[in-house]
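Here's a quick briefing to read with the model open next to you.

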Amino acid sequence: MRPSRRAVITAATAAAAVAAAPPAAAARPHRPLRTGFERLARDGYALLDGQKVGVVTNPTGVTRDARHIVDVMHADDRVRLTAVFGPEHGFRGTAQAGGSEGRYDDPATGLPVYDTYLKSGRPLADVFTASGVDTVVFDIQDVGARFYTYIWTLYDCMEAAGLAGKRFVVLDRPNPVTGRAALGPVLHKEFATFIGRQPIAQAHGMTVAELTRLFNGEFLTEPVPLETVTMSGWDRSDFYDASGLPWVPPSPNMPTPDTALVYSGTCLFEGTNLSEGRGTTRPFELLGAEGVDRHWAGAANELGLPGVRFREAWFQPTFSKFQGRTVGGVQVHVHDRAAFDPVRTGIGLLVTAKRVWSGFAWRSDNWIDKLTGSTRVRTMIDAGAGTDEVVAGWQADLAAFRRVRRSYLLYR
């Protein structure tokens, strides 16, 4: 029996925050990690036998030896791969933020590539129908943040597969910033967009397969026929470097696992008039604007946030905000990633930026509300709330989400 659709975000149903993960398992030797794709291939693709298969993927869908799974499957007679579906940034990853590659035939394999970006519901179901596939397979590396769009591509593809009468198979990969905890505010439904379709925490602390189970059990009106191929050898406390897998940037501004580590907090600066570091070699680690000086780093360090320090920084973005202009700000240096809380850190940086720089402003479209999932963060900071007060404001919602989340976790 799947859990009831109890209110994930209703504060009245929650008290203080509860534990975010299952009780710790007894110590055991760490087994080598095997991704969902590795386990599928080792089983001779038996799960896909007799099916015409389409894969939703991007450059992150790689094997341990850095071959793309589409190239591997296309060359293997045991699987009948007939289509590829590309998300934001495209199947081969050539498009910047807010773009895709459109419909084309892949030069390497000759396979038709269909564009899923910004498609959902019946229009996306029609794409699956037109492709002629029997089974839709999803294999994309996520980074653990609610506003990273690939998990909503997953959600939309699940819904569309159900409408089109297609099987849906998810191949799991690690959450690169661990699956220890869900952190941050929970989306309120009236703020749903493509950077947050459903009420989950800002840093969800789940793998793609776990999210798939959550979506099916809590949010989809008609759950899709679903099969997941889990990983073996992954612990919830593992960071990406424990996986032994190559890191392929999931998008142009996610160059390293270090970027993913801070992203769920510092991406909030997309909702301000400060640069979030796009157009630099350290996006989301460098933050700043014209007129900001050393006082910001000093104020941020005085907060004593766990696991992180801030350095006065000067940089010149090559594109996006402040293109070609020198700006001042901070560089985020995580020195203890186990203690680091990216969302609390992002709030602390917003609070101190507003306090020390008179030019601070939210984006005129209140994009910050879409990123945080409600008006609460913006209005509390505008009212002069400190970091601890802002963080306390979402704890009841987060506790309710954590309780629901536990039912769908697959790993210890």
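This is a predicted model: local features need pLDDT of at least 70, side-chain atom pairs count only at pLDDT 80 or more; totals for chains, interfaces and linings use all residues.

A residue is called buried here when its relative accessible area is under 20%, exposed when that value is over 50%, and partly exposed in between.

**The seven-stranded sheet**

- This open sheet runs in the order β3-β4-β2-β1-β5-β6-β9, and its pairing is mixed.
- At the edges you'll find β3 (104-105) and β9, each of them pairing on one side only.
- Four bridges join β6 and β9, which pair in the parallel sense.

**The three-stranded sheet**

- Here the strand order is β10-β12-β11, in an open sheet with antiparallel pairing.
- β10 (286-289) and β11 (308-315) are the edge strands; each has a single partner strand, so one side of each has no neighbour in the sheet.
- Ignoring direction, neighbouring strands are turned by 25 degrees against each other on average.
- β10 pairs with β12 (residues 327-334) in the antiparallel sense over four bridges, and Leu287 stands opposite Val330 in β12.
- Helix α7 (residues 295-302) packs on this sheet and touches β10, β11 and β12. Its direction makes about 170 degrees with that of β11.
- Helix α8 (residues 342-356) also packs on the sheet, again touching β10, β11 and β12. For α8 the angle with the direction of β11 is about 50 degrees.
- On the other pairing, β11 and β12 run antiparallel over eight bridges, and the partner of Arg309 in β12 is His333.
- How many of the eight residues of β12 are buried? Six are, so the strand is largely enclosed by the rest of the structure.

**Salt bridges**

- Side chains of opposite charge can pair when their charged atoms come close. In this model the count comes to 22 salt bridges.
- Asp139 and Arg173 form one of them, with the closest N and O atoms 2.6 Å apart. Asp139 sits in strand β5 (residues 135-139) and Arg173 in the loop between β6 (167-171) and β7 (183-186), so the pair ties together parts that are 34 residues apart in sequence.
- Arg337 and Asp241 meet through their side chains at 3.1 Å, N to O. Arg337 is in the loop between β12 and α8, while Asp241 is in the loop between β9 (226-229) and α6 (257-266), so this pair links parts that are 96 residues apart in sequence.
- Arg337 is partly exposed at 35% relative accessible area, whereas Asp241 counts as exposed at 55%.
- Arg67 and Asp65 make another salt bridge, at 3.1 Å from N to O. Arg67 is partly exposed at 45% relative accessibility, and Asp65 is partly exposed at 48%.
- There's also a network of salt bridges that links Glu270, Glu276, Arg278 and Lys321.

**Gln141**

- Gln141 lies in the loop between β5 and α4 (150-164). It counts as buried because its relative accessible area is 2%.
- What does the side chain of Gln141 reach at 2.7 Å? The answer is the backbone oxygen of Pro174.
- Leaving out residues up to four places away in sequence, Gln141 touches Thr60, Tyr150, Arg173, Pro174, Pro176, Tyr240, Trp247 and Pro250. Arg173, from that list, is the salt-bridge partner of Asp139.

Notes: Residues are numbered from 1 along each chain as its sequence is written. Side-chain values use heavy atoms; hydrogens and water are left out. Two strands pair if DSSP finds at least two bridges between them. Helices (H or I, at least four residues) and strands (E, at least two) are DSSP runs, numbered from the N terminus. Axes are lines fitted to C-alpha atoms, for helices over the stretch in contact, and angles run from 0 to 180 degrees between N-to-C directions. Contact means heavy atoms within 4.5 Å. A salt bridge is a side-chain nitrogen of Lys or Arg within 4 Å of a carboxyl oxygen of Asp or Glu. Buried means under 20% relative accessible area, exposed over 50%, partly exposed in between (1.4 Å probe, protein chains only). A polar contact is a pair of N or O atoms within 3.5 Å; within protein, one must be able to donate a hydrogen and the other to accept it, and residues adjacent in sequence count only if both atoms are side-chain atoms.
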